[in-house]
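Biologist: I would like to learn how to read helix packing and the nonpolar core in a model. Where do we begin?

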Amino acid sequence: MNRKIVKTALIVLAAAAIVIIAGGALLSMLGVEVFCLGSENGRMALEPCGGEAPLTADTNPPQIAAGAQPILIDTDMAVDDWLAILYLLQRPDVDVRAITVAGTGEAHCGPGVKNALDLVALAGRPEIPVACGHETPLQGNHVFPQSWRDNVDRLAGLSIPANPTQPQGEDAAALITGAVRDAGGDLLIITLGPLTNLAQAFAEDPAVAREVKEIFVMGGAMSVPGNVGMVPETGIENDRAEWNIYVDPYAASQVLASGAPVTLVPLDATNQVVLDKAFYDRLEVDRASPEAEFVYRALTQNIGFVNSGLYYFWDPLTAAIAVDQGLGSFASQPVLVIEEEGPEVGAVRADESGSLVRITMAAEEERFKQEFLDVLNGRVME
Ligand SMILES: [Ca+2]
């Protein structure tokens, strides 16, 4: 009899342990912070599982230098966008004036804006204004894969301190126009997602395009395959288009033809700078700032992608080339965006009747990677 009671109790305990462990793992996967019993100053306390210290804001952000380049970042708040934004905020020769979120990109407007605000606060710049724009393309109905959107909406499961600053009441197009006018012809715009916001701003006031100093666009694939057709879950047959242009080809076409000077950073250049395990290992032992720590944890949460060998520095490379053009080599060429639905929709094609743009053909891989680590860690550039 006693043996039976003991056996039953053991089974109940084992079942309870399985429920607790599996439930914790499930909650973690869903982005819910799971707490474990740990000790703090010798006393028992609840702390995030895994034993990592909470991420805290940078209390020593770089002083913006006199004559720093004013910049607006238009982002779709995916993982590599976070890297690009933190890199730019850590450069003393860059003055990030505003961030606009492309609601047609990977993140949805609500979480994208919240994550952008929290990220600028992490970098010690909580006052930077953030606004979102249209959540549907100006034409067509292309969207990013849902699983990608879910991952970036929940900041890949990371939690960072909330920024008390509220989102801008005005929309992204109005924030772009205001930033262009405030900078008096000196604003550099870096776009890291679909071009919906910029096209909207230029549609509302075409003169704005001619007052922009330059636009750097992460987008397109000239002589290499696109990346839209590489995602099995979507079933899209298209080996020419790159995602940012594919999602809103009309918007991209409008921006290229707007009269603003445009430099594309296409897959031809970004394919040369892979974010692989070797780089992750370098970062693991070189993360002395909150920004570097955040990037390390974001990559850890996406380590499967890093290990795949198909993860690139798309957006951070674009950001770095925009402010350090020696990292790229360029050629000028007239191009068209294919807007017609079909197997090439969203492709950027060389065409004499198109808009003249500058195209980044190659990138300095090792110099970029070292500079990225130096800047992220707050090591002042020589
Ligand atoms: Ca992006």
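Modeller: With a definition: a nonpolar core is a set of buried Ala, Val, Leu, Ile, Met, Phe, Trp, Tyr and Cys residues joined through C-beta atoms within 7 Å. Keep in mind that this is a predicted model.

Biologist: How many residues does the largest nonpolar core have, and which have the most contacts inside it?

Modeller: The largest nonpolar core has 109 residues, and L86, Y87, L88, V101, V255 and L317 have the most contacts inside it. Helix α2, residues 79-89, gives the most to this core, with 9 residues.

Biologist: What does L317 touch?

Modeller: Leaving out residues up to four places away in sequence, L317 touches V265, A269, T270, V273, A363 and F368.

Biologist: How are two packed helices described?

Modeller: By the angle between their axes and the distance between the axes. Take α13 (residues 314-323) and α14 (residues 365-376): their axes come within 11 Å and cross at roughly 90°. Angles of 65 to 115 degrees count as roughly perpendicular, so α13 and α14 are roughly perpendicular to each other. P316, L317 and A320 of α13 make the contact with F368, E371 and F372 of α14. By class, these residues are 5 nonpolar, no polar and 1 charged.

Biologist: At what angle do α6 and α8 cross?

Modeller: The axes of α6 (residues 196-204) and α8 (residues 249-256) cross at roughly 55° and come within 8 Å. The two helices are therefore oblique to each other, and α6 passes α8 in a left-handed crossing. T196, L198, A199, F202 and A203 in α6 meet A251, Q254 and V255 in α8. This contact has 6 nonpolar, 2 polar and no charged residues.

Note on methods. Residues numbered from 1 in each chain as written. Predicted model: local features only at pLDDT ≥ 70, side-chain atom pairs only at ≥ 80, totals over all residues. Axes fitted to C-alpha atoms, helices over the stretch in contact; angles between N-to-C directions. Helix = DSSP H or I, 4+ residues; strand = E, 2+ residues; numbered from the N terminus. Parallel < 35°, antiparallel > 145°, perpendicular 65-115°, else oblique. Left-handed = near helix turned anticlockwise from the far one by under 90°. Contact = placed C-beta atoms within 7 Å. Nonpolar A, V, L, I, M, F, W, Y, C, P; charged D, E, K, R; others polar. Buried ≥ 20, exposed ≤ 12 C-beta atoms within 10 Å, placed from the backbone.
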